Amino acid sequence: MAAPSTSDFAFGKPLSLPRHRRHGAWILAALLALGCTGFIDGAGGADASGTAPLGNAAGASSSGAVSGIGGVAVGPDGCEVTSAPAAPLRRLTRWEYDNTVADLLGDESHPAQRFVAEADQFGFDNNAAGAVLSPVVVEQFEEAAGVLAKQATAQMPKLLGCDSSAQGEDVCANQFIDAFFRRAYRRALSPPERSRIHDFYRQAKLDSGFEQAISVLVSAALQSPKFLYRLEFGMPAPGTTGAVRLSSWELASRLSYLLTGSMPDDELLGAAEQNLLATSEQVLAQAARLLTSDRGARVVKNFYRQWAGLNDLTDLQRKDASYSAATAQLLAQETETFVDQVIRAGDGTLSTLLTAPYSYMNRDLATFYGMQGPTDERFVKVALDPQRYSGLMTQAGLMARLAHPGQPSPVLRGKFIREKLLCAPLPPPPNNVDATLPPLDPQATARQQLTQKTGGSPCNTCHTLLNPPGFAFEHFDELGRFRANDHGLALDASGDLTGTDADGPFADHLDLLKLLTQSEQVRACVVVNWFRYAYGRDQAEADACSTQQLSRAFESSGGNVKQLLLALTQTPAFMYRTATAPGVQP
Amino acid sequence: MIRNSQLNRRTLLRGAGGVAIGLPFLEAMAERAHAAETPRPKRLIIMYTSNGTVMKNWKPTSFGLDFTASPILAPLATPLLRPHLSVLSGVAMASAQKRSGNGHAVGMTSLLTGRPFTDVQATKFGDVGWGAGISIDQQIAQSLKVPGKLPSIELGVQTQREYRNFYSYISYAEGGGADHAVVSDDNPVNVFARLFSNVPSSEQVGAELERTIRQRKSVLDFVAGDFKAISGRLGAQDQARLDQHASLIRDLEGRLAVGSFCAKPPTPTIDQARIERNDDFPAIGKAQMDLIGAAFACDLTRVATLQWGTAQAGTVFEPWVKANWADSPEKYHHGISHAACPSSVNSPTAAQLSALDKLTRINTWFAEQLAYLATKLSAIDDGNGQTALDNTAILWVSEISEGPDHKYTNMPYVLLGGMGGALKKGEHFNLDGQTHNNLFVSLGQAMGVPNFTTFGDPEFCTGPIDAILA
């Protein structure tokens, strides 16, 4: 956001705390009753030892407490599926569109970056309600499809996978139609669909010849609702009220878009075709495979890029002329590399994300920080001074973003912690409040001036909650670099955290982050954010059981985000949706 | 249909000869306009800028035809433009006062709809929602649409950079709400493609285009069939969304015949990386204004919106608006508007004076942009001794009156051009007690919308403002 001074609020509904916050004792009892032997524990335990690769998570699960759900409406972990929440129709986001055409056609030109942006919902761009529909949007789909088709048919043999001069144009076209549309629609074609596409091909060939006909097929596929939308019709789920279970094809898409931000790969399509996503174990095995694959980095990076607002770094105005678009890129890359390394290659815990005394840098980034070590463009692990740095919050990406052009912003930093770590946002200041910063007084620190400005009524109602966690980061300047003092004046980074489940005094940011690491509210917030990101919607009443399941998985794995990601594929919310119309298989 | 328009295209191209293609753009236009010898259509432009104005530097001190332009409106007082310049003082955006919520969001959603916002969400952030019905630009465009022309074009300057919700949109299709928001296109290259991709640059290219258009139409037909095939199998809300998508595809199909004849302006040269870059705000705006001029010259559309930024925009004007930027830490437009004080305050502080000065300069800069656009239109020969500016009305609006108190009374409306003689012009009107719904009815009637007697929430609409109708 470029307007930090007043009500640059994140749009969203009021947050209701996850059910387990309200029924903490009940959940604890349930955990004890289950003996904490669920699949997530098995996987988490194996992984924590550092000996078993992620892929084994699936292996561990099959001996765990997961029940298969073929025909019986009982989810894994004993969650009974009586009814399923509505899962609104999702359209590919710009990011997913670009990833998908890269995988489908090998096109790396990111055409969707020119599309109309999604409407933010809860800070994420992938909410079902965020897909804007407008005449321009449809034009953009059409234009991009035409350009992509033209480029793809420029390399015809590669696209067809068939030599049309030797094998004949129509033979190649037949093969192409089956293979291409299966990948574009993310499922096998039905006979009527296939014959309709063949008719279309023949007509186009008559009109403009073979090459143009292939081009037209590609363009049509890329504009079809079967490509642009994640259509989910489901299958009957006996024992439920108005719920359907997703088909293997539909689950393959859910898995793939959640964990790789793109269409299913060949192995996943193959599994779907053989109906090998019918049990939660099968789903988990594929999830583990995808998350460990190279493409698995996409989801972790994309989630944290949005959560931390790293895209905004490029547009920051900073008085310091050394801050450039190149700097922005480095800062974003640091945080993305860090979260990916911690979550997918490291111990994966929230605690490490918030307290790790190390980061990842290349030469230019180290120069920016005034550090030494990396010698070239590659990002490598760098040990940091644990008296100064602590996990991703103290990385320059977040600290620089949460600042004004010429000074850090304790308010924005406090607001970030309230909204993004505690899921407890505050209302924006009233409209008639003068929310501008006082002119800089060289005799007083920014903290002293802000305290004076916001100390009285009505400001102090919210600012007693906002300012202290923000003040904790006084040691980081507007470019996110560590500073010993505030323009020569002594810094005070101490304060009292209030209004949370981890209230207490802190001496500085290191102390505060330790408090937050112990907070159940912070862990619940991680679950809430991942729920919204993964399912593209907010939690509903009917999600109580899924949410409990996720919280349990996260808590019992010691706050392991990787285990939470796998658990997201095991809930009723992932495997079911409300029945709509009596459907036939597409 | 396509064949016919293609025939026209060829005939006219032959008539004008290869010469027309080689001529500078405006000359070619003039040549065509004379050839047509019919009165040119009326057109409407609505220009939006963010965060209100500085009333004491905006409102001229006297009413009537002889008013002296205020400091902010001075750029519009050139000998060429002053006869076209009307200032509409005293109009209230009354529908925005009906339901409380975030000041900028409330104003933005009533801005062109004349209704209080809908889909109200009682959040911890205060009430928010979406525009509740069709916007005046879309209403007029739909009522007056002509086959083979774009009903309207919606151009933006960094409207998607900061917010991607009801803060970002001014236009809505019938029904309003999130699914009917009409997004402004921030990319002049896209706008150019939308306007001119069906306009051939030579006869040979024309033949190729004919084939391409036929092909695009066949693809859209096929895609429409895919939408039909899955219809009825989803829940009501999902189905409504797909239906809307399918109807937009049919609209697009109908627009493929647009641009039957026109000399093509050069493609804008702004690359994608600059579209959201703050410092390119003026360059993008200029490219968009050039495209409005070109579209009107070619008569590709008759209704346009030009949206500079979003509600409570945080644009940083420092790189191109001269002011004493060093005297306060606040750089962002919205922040500055809060640092100011209402014009009614008699003894502002130094900080408030500084903010008022910056806001005045920012709004003066916007007036210069409006002057550029109007001057551009005045260079387009409409035939019969008229220019496009004579046949156009440009309305300048903002989502609030002034920044500090977010009021919706005394909206800073400026009207430029006479819309083919249907509107009085060159006057400072005292319109105390009037609503912007009534203003919109007047504009619709001036444009020639049949049976247009009310607009938006009827509670705030009593009929046209006779004082401004000629």
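Two strands are said to pair if DSSP finds at least two bridges between them, and strands themselves (E, at least two residues), like helices (H or I, at least four), are DSSP runs numbered from the N terminus. In this sense strand 11 and strand 12 of chain B, which run antiparallel, are joined by 3 bridges. The model is predicted, so that local features need pLDDT of at least 70 and side-chain atom pairs count only at pLDDT 80 or more, whereas totals for chains, interfaces and linings use all residues. Residues are numbered from 1 along each chain as its sequence is written, and chains are lettered from A and ligands numbered from 1 in the order in which they are written.

**View 1. The open sheet of chain B has 7 strands in the order 5-8-1-11-12-2-13.** The pairing in this sheet is mixed, and its edge strands, strand 5 (153-157) and strand 13 (428-430) of chain B, each pair on one side only. From one strand to the next the twist averages 15°, where axes are lines fitted to C-alpha atoms, for helices over the stretch in contact, and angles run from 0 to 180 degrees between N-to-C directions. Helix 9 (residues 281-297) of chain B packs on the sheet and touches strand 1, strand 5 and strand 8 of chain B, its direction making about 165° with that of strand 5 of chain B. Helix 12 (residues 436-447) of chain B lies across strand 1, strand 2 (85-89), strand 11 (392-397) and strand 12 (413-416) of chain B, and runs at about 165° to strand 11 of chain B.

**View 2. Strand 1 of chain B pairs with strand 8 of chain B and with strand 11 of chain B.** Strand 1 (residues 43-48) and strand 8 (residues 303-308) of chain B run parallel and are joined by 5 bridges, while strand 1 and strand 11 of chain B pair in the parallel sense over 6 bridges. Tyr48(B) stands opposite Gln307(B) in strand 8 of chain B and has Val397(B) as its bridge partner in strand 11 of chain B. Ile46(B) has Thr305(B) as its bridge partner in strand 8 of chain B, and Leu44(B) has Ala393(B) in strand 11 of chain B. Strand 1 of chain B is mostly covered, with 6 of its 6 residues buried (20 or more other C-beta atoms within 10 Å of a residue's own, the C-beta atoms being placed from the backbone). Arg43(B), Ile45(B) and Met47(B) lie on one side of this strand and Leu44(B), Ile46(B) and Tyr48(B) on the other, so that both faces are covered.

**View 3. Strand 11 of chain B is largely enclosed by the rest of the structure, because 6 of its 6 residues are buried.** Thr392(B), Ile394(B) and Trp396(B) point one way from this strand, and Ala393(B), Leu395(B) and Val397(B) point the other way. Towards strand 12 of chain B, Leu395(B) stands opposite Leu415(B).

**View 4. Helix 8 of chain B places its buried residues on one face.** The buried residues of this helix are Asp238(B), Arg241(B), Leu242(B), His245(B), Ala246(B), Ile249(B) and Leu252(B). Seen down the axis of helix 8 of chain B, they fall within an arc of 135° (taken over the directions from the helix axis to the C-beta atoms), so they line one face of the helix.

**View 5. The contact between the chains takes 64 residues from chain B and 66 residues from chain A.** Two residues count as in contact if their C-beta atoms, placed from the backbone, lie within 7 Å. Several elements of chain B each supply at least two residues of the side that touches chain A, among them strand 3 (118-123), helix 6 (188-196), helix 7 (203-230) and helix 8 (236-255). The largest share of that side, 10 residues, comes from helix 8 of chain B.

**View 6. An open sheet of chain A has 3 strands in the order 1-2-7, with antiparallel pairing.** Strand 1 (235-236) and strand 7 (576-578) of chain A stand at the edges, each with a single partner strand, so one side of each is left without a neighbour in the sheet. Strand 1 and strand 2 (residues 243-245) of chain A run antiparallel and are joined by 2 bridges, with Arg245(A) as the bridge partner of Met235(A).

Definitions and conventions
A residue is buried if 20 or more other C-beta atoms lie within 10 Å of its own, exposed if 12 or fewer, and partly exposed in between; C-beta atoms are placed from the backbone.
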